[in-house]
Amino acid sequence: MGVIDKLVVCGVGLIGGSFAMALRRAGMVRRIVGIGRSQASLARAVELGVIDEACSDWAAALDGADFVLLAPPVGQMDAVMAAMAPHLATGTIVTDAGSTKRDVIDATYRHLSGHLAYTVPGHPIAGAEKSGVEAAFASLYEGRRVVVTPLPENEPAAILRVREAWDACGALIHEMPPQEHDRVFAAVSHLPHLLAFGLVHDLAQRSNAEQLFSFAAGGFRDFTRIAASHPEMWRDICIANRQALLAELDQYLAELAHLRALLLSGDAARLETLFSEARAARNAWGEQFANSANPAASPE
Ligand SMILES: NC(=O)c1ccc[n+]([C@@H]2O[C@H](COP(=O)([O-])OP(=O)(O)OC[C@H]3O[C@@H](n4cnc5c(N)ncnc54)[C@H](O)[C@@H]3O)[C@@H](O)[C@H]2O)c1
Ligand SMILES: O=C(O)C(=O)C[C@]1(C(=O)O)C=C[C@@H](O)C=C1
């Protein structure tokens with residue numbers, strides 16, 4: 001892949017910052033410019049060496065840019081695309097890291113209709129409950145999947161360039177239609193986050209919350225780690241993908257109703273069978289995930 005001369009990262013947090021660091025480490029980029037909502041966090045990104053320069057306007061940021069990553073919360077994509085559109089030069093590659101794809105693609109057609117050949121939607125399947133540039137690290141994407149959902153209007157060379165950038169970050173690239181993407185991640189990412197937030201919220205509101213939390217241990221920690229995630233980011237994801245998320249929630253409620261019936265009738269045999277099936281599925285997934293991921297891909 002040709003080296004990126006000027007990379008623009010919009011939203012230099014965990015995801016945008018890690019992309020910048022990974023490309024820099026791979027020697028794939030000459031200059032990195034950040035643009036964002038908070039000048040203080042952009043200044044911190046410069047201080048940490050994640051970006052070379054902070055920009056406060058799109059005209060300056062996009063001047064001479066050959067590659068742009070959009071990594072703000074998905075609820076900001078509309079405003080960001082509207083602001084950048086007048087300053088985009090033909091041929092500048094634009095991609096994004098949004099956790100939902102249909103809404104981001106709708107925003108692309110609304111605001112970047114003259115730039116569809118070069119705007120290639122994407123989503124890295126790697127992250128954490130931590131946010132902000134301080135949480136970014138260069139190996140975040142190593143051995144992790146990135147889903148690319150190309151538009152019919154995309155130039156094949158633009159898709160290739162985006163794939164090559166993620167490849168340089170050490171990621172494994174998959175292509176998928178956006179509808180399928182949003183259904184899959186409603187089930188395995190958005191629903192678990194909703195459930196974790198819901199459980200912690202319920203417990204925190206109880207009159208004996210202090211006592212409950214004082215005895216909560218590993219099981220609680222493992223089930224609820226993701227309830228420490230960024231509220232704005234998850235608000236936007238849940239709202240953007242609510243159609244698919246509601247379908248998953250309904251299916252889960254049916255499963256809970258089934259579990260409740262087994263408990264009510266004291267059906268130990270069926271409960272054990274259900275737990276055994278779940279354990280086998282979880283263990284098989286765990287092995288597959290451990291084998292696909294690079295053990296070095298951890299900030300610790
Ligand atoms: N955290 C994860 O696990 C994860 C994984 C994959 C994809 N994503 C997606 O990546 C994106 C970023 O997530 P993150 O975890 O890096 O969040 P983050 O909070 O760490 O970073 C987001 C950054 O965007 C900036 N921002 C907010 N509004 C903006 C605007 N209007 N214009 C420009 N910048 C703006 C914030 O100041 C912040 O620096 C989101 O779209 C999220 O859905 C997150
Ligand atoms: O590891 C975490 O904390 C994450 O939440 C990462 C995670 C997920 O697996 O659900 C979250 C959102 C994304 O869009 C992709 C990955």
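**Exercise 1. Is lysine 130 buried, partly exposed or exposed, and what is its relative accessible area?**

*Solution.* Begin with the ground rules. This is a predicted model, in which local features need pLDDT of at least 70, side-chain atom pairs count only at pLDDT 80 or more, and totals for chains, interfaces and linings use all residues. Residues are numbered from 1 along each chain as its sequence is written, chains are lettered from A and ligands numbered from 1 in the order in which they are written, and side-chain values use heavy atoms, leaving out hydrogens and water.

Step 1. Lysine 130 has a relative accessible area of 49%, so it is partly exposed.

Step 2. Its salt-bridge partner is glutamate 129, at 3.8 Å, N to O. A salt bridge is a side-chain nitrogen of Lys or Arg within 4 Å of a carboxyl oxygen of Asp or Glu. Glutamate 129 counts as buried because its relative accessibility is 19%.

Step 3. Elsewhere, salt bridges with shared partners join Arg37, Glu232, Arg235 and Asp236 into one network.

**Exercise 2. Which parts does the pair of arginine 31 and glutamate 53 tie together?**

*Solution.* Step 1. The structure holds 17 salt bridges. In one of them, arginine 31 pairs with glutamate 53, with the closest N and O atoms 3.2 Å apart.

Step 1. Arginine 31 lies in strand S2 (residues 29-35) and glutamate 53 in strand S3 (residues 53-55), so the pair ties together parts 22 residues apart in sequence. Strands (E, at least two residues) and helices (H or I, at least four) are DSSP runs, numbered from the N terminus.

Step 2. Arginine 31 is partly exposed, at 36%. Glutamate 53 is partly exposed too, at 33%.

Step 3. Now take aspartate 96 and lysine 101. Their closest N and O atoms are 2.8 Å apart in a salt bridge. Both residues are buried.

**Exercise 3. How far from lysine 6 is the nearest side chain of opposite charge?**

*Solution.* Step 1. Lysine 6 sits in strand S1 (residues 4-10).

Step 1. Lysine 6 is buried and has no salt bridge; aspartate 63, the nearest side chain of opposite charge, is 5.7 Å away. Lys and Arg count as positive, Asp and Glu as negative; His and the chain ends are not counted.

Step 2. The lysine 6 side chain does reach the backbone oxygen of alanine 60, at 3.1 Å.

**Exercise 4. Which side-chain atoms lie 2.8 Å and 3.0 Å from an oxygen atom of ligand 2?**

*Solution.* Step 1. A polar side-chain atom of arginine 225 lies at 2.8 Å.

Step 1. A polar side-chain atom of histidine 193 lies at 3.0 Å.

Step 2. Serine 189 also has a side-chain N or O atom 2.6 Å from an oxygen atom of ligand 2.

Step 3. Turn to ligand 1. A side-chain N or O atom of serine 99 is 2.7 Å from an oxygen atom of ligand 1. Backbone N or O atoms are involved as well: that of proline 72 lies 2.7 Å from an oxygen atom of ligand 1, and that of alanine 128 lies 3.2 Å from one.

**Exercise 5. Is valine 133 buried or exposed?**

*Solution.* Step 1. Valine 133 lies in the loop between strand S7 (122-124) and strand S8 (145-148).

Step 1. Its relative accessibility is 7%, so valine 133 counts as buried.

Step 2. Valine 133 and glycine 17 are 116 residues apart in sequence but 5.7 Å apart in space, C-alpha to C-alpha.

Conventions. Buried < 20%, exposed > 50% of the residue type's maximum accessible area, 1.4 Å probe, protein only. Polar contact = N/O pair within 3.5 Å; in protein donor to acceptor, adjacent residues only side chain to side chain.
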